[in-house]
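Dear colleague,

Please find below the structure that I am handing over to you. My notes on the ligand, the pockets and the backbone follow it.

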Amino acid sequence: MMPVSMVGRTGELAEFATAWARVAGGRPRTGRVVVTGGAGVGKSLLISAALADLAPRPVTVLTGTARVHTPAPYDWLAAVLSGRDTAGLPLPPDALAWLAQHPNTPRERYAPDALLRLAVRTVRALVGAGPAVLVVEDLHALDPASLNLVGELAAAPELPALLVVASRPAETAISPGLVAATLARLSGAPGAVRQHLGPLGRPEVAAVLGQVYPGRPVAPEAVDAVWRRTGGNPYQLVELLVAEHGEHLFDEAPAAELTGREIEVLSCLAAGMSNKQVARSLGISVRTVTVHVSNLLRKTGSASRTEAALWAVRRQLASPVRPG
Ligand SMILES: Nc1ncnc2c1ncn2[C@@H]1O[C@H](COP(=O)(O)OP(=O)(O)OP(=O)(O)O)[C@@H](O)[C@H]1O
Ligand SMILES: [Mg+2]
């Protein structure tokens, strides 16, 4: 399947553009955008789409993310420093080695608050005259030292940068208290932009289906079925479409093999009905519906009801039957 390009989120993109225009224009020099939302809701895609559109182009972009499996102190900064030329940084070599997580670094050398100050100094040096963008991905999974650093950066005066943070809700984090405090610190900064992403609506789901099946009108019933099955979560939506965009979806199983009753049941599935609703709608027993559905899955080569519904819609077999 072709990668799906972002749908919706136009308001959020506009807010990014405005926040960046302020920072790039120096009024004020520092900005923050905090993007929260559940797993797979589209935080990372939104941020990369927003970054791709920034005008003027940022002089520097520093991006770091959490190491979800083995968190270690200053993971965010270590990710930023990795592969970067660190020769000109105003840091004692052993502090740099520690912050960049070079192996075999003596750890007793610096007190935590001294290291924190050095970390802030490092980021300032990398940002330079800016304007820069600092991206903190997966804040909810970051180590406490990185969270402290992000909190300090949020409050750092005159840092010529837009600080962009993505996080799942604090209550799902390993250290919910620390994450909540850091998010509050970020959001409390003057001029901070807060974005909480929710699931996609029906029109956005329809737009995604339109991308995946170009040139084929997708019936509202199929959109509904997909929307209900995924709850509008983009990650689940993409997973579903990848799973169903395989050979099955374009197999030419002859429609003639379906009985009239099966076609009626299929239309009901495309309308997103449960077996019970189908039974009520067609005046047959739930048991009979179950038999029809399993025959339908076999005949259409579908792995699921949704796949069968999409199969029907592509062949324009799904007549607009509505639940109720
Ligand atoms: N608005 C959208 N339009 C189309 N596809 C989207 C949209 N938002 C997200 N997706 C797709 O859904 C999937 C999950 O998105 P993404 O990785 O951005 O979620 P996330 O919120 O960062 O998740 P996590 O909490 O796991 O980091 C990706 O394949 C992405 O391309
Ligand atoms: Mg993400």
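By class, the shell around ligand 1 holds ten nonpolar, five polar and three charged residues. Here Ala, Val, Leu, Ile, Met, Phe, Trp, Tyr, Cys and Pro count as nonpolar, Asp, Glu, Lys and Arg as charged, and the others, Gly among them, as polar.

This is a predicted model, in which local features need pLDDT of at least 70 and side-chain atom pairs count only at pLDDT 80 or more, whereas totals for chains, interfaces and linings use all residues. Residues are numbered from 1 along each chain as its sequence is written, chains are lettered from A and ligands numbered from 1 in the order in which they are written, and side-chain values use heavy atoms, with hydrogens and water left out.

Of the 18 residues around ligand 1, Val7, Lys43, Ser44, Leu45 and Arg168 come nearest; a residue is near a molecule if one of its heavy atoms lies within 4 Å of it.

- A polar side-chain atom of arginine 168 is 2.8 Å from an oxygen atom of ligand 1.
- A backbone N or O atom of glycine 40 lies 2.9 Å from an oxygen atom of the ligand 1 molecule.
- An N or O atom in the side chain of aspartate 138 is 3.5 Å from an oxygen atom of ligand 1.

On its own, ligand 1 has 630 Å² of accessible area, of which the protein covers 82%; accessible areas come from the Shrake-Rupley method with a 1.4 Å probe.

**Pockets**

Ligand 1 sits in the largest pocket, in the sense that more than half of its atoms lie within 2 Å of the grid points of that pocket. The elements that give two or more residues to the shell around ligand 1 are α2 (43–53) and α10 (234–244). Helices (H or I, at least four residues) and strands (E, at least two) are DSSP runs, numbered from the N terminus.

A pocket is defined on a 1 Å grid over the protein atoms alone, as an open set of points where a 1.4 Å probe fits, with protein on both sides within 12 Å along at least five of seven lines; lining residues have an atom within 4 Å of a point.

The largest pocket has a volume of about 490 Å³, a volume being the space filled by probe spheres set on the points, which are joined across faces, edges and corners. Gly40, Val41, Gly42, Leu45 and Pro234 are the closest to its centre among the 26 lining residues. The helix α10 gives the most to this lining, with five residues. By class, the lining of the largest pocket has 16 nonpolar, four polar and six charged residues.

The second largest pocket contains about 150 Å³ of space. Ten residues line the second largest pocket, and Tyr74, Trp98, Pro112, Leu115 and Ala145 are the closest to its centre. Two or more residues of this lining come from each of α5 (112–127) and α6 (144–155), and α5 has the largest share, three residues. The lining divides into eight nonpolar, one polar and one charged.

**Backbone**

Most residues other than glycine have a negative phi, and most peptide bonds are trans. The peptide bond from arginine 27 to proline 28 is cis, with omega near -15 degrees; proline 28 is in the loop between α1 (10–25) and β1 (31–36). The bond from glycine 130 to proline 131 is also cis, with omega near -5 degrees, and proline 131 is found in the loop between α5 and β3 (132–137). Arginine 9, in the segment before α1, has a positive phi of about 60 degrees although it is not a glycine.

With kind regards

Notes
Polar contact = N/O pair within 3.5 Å; in protein donor to acceptor, adjacent residues only side chain to side chain.
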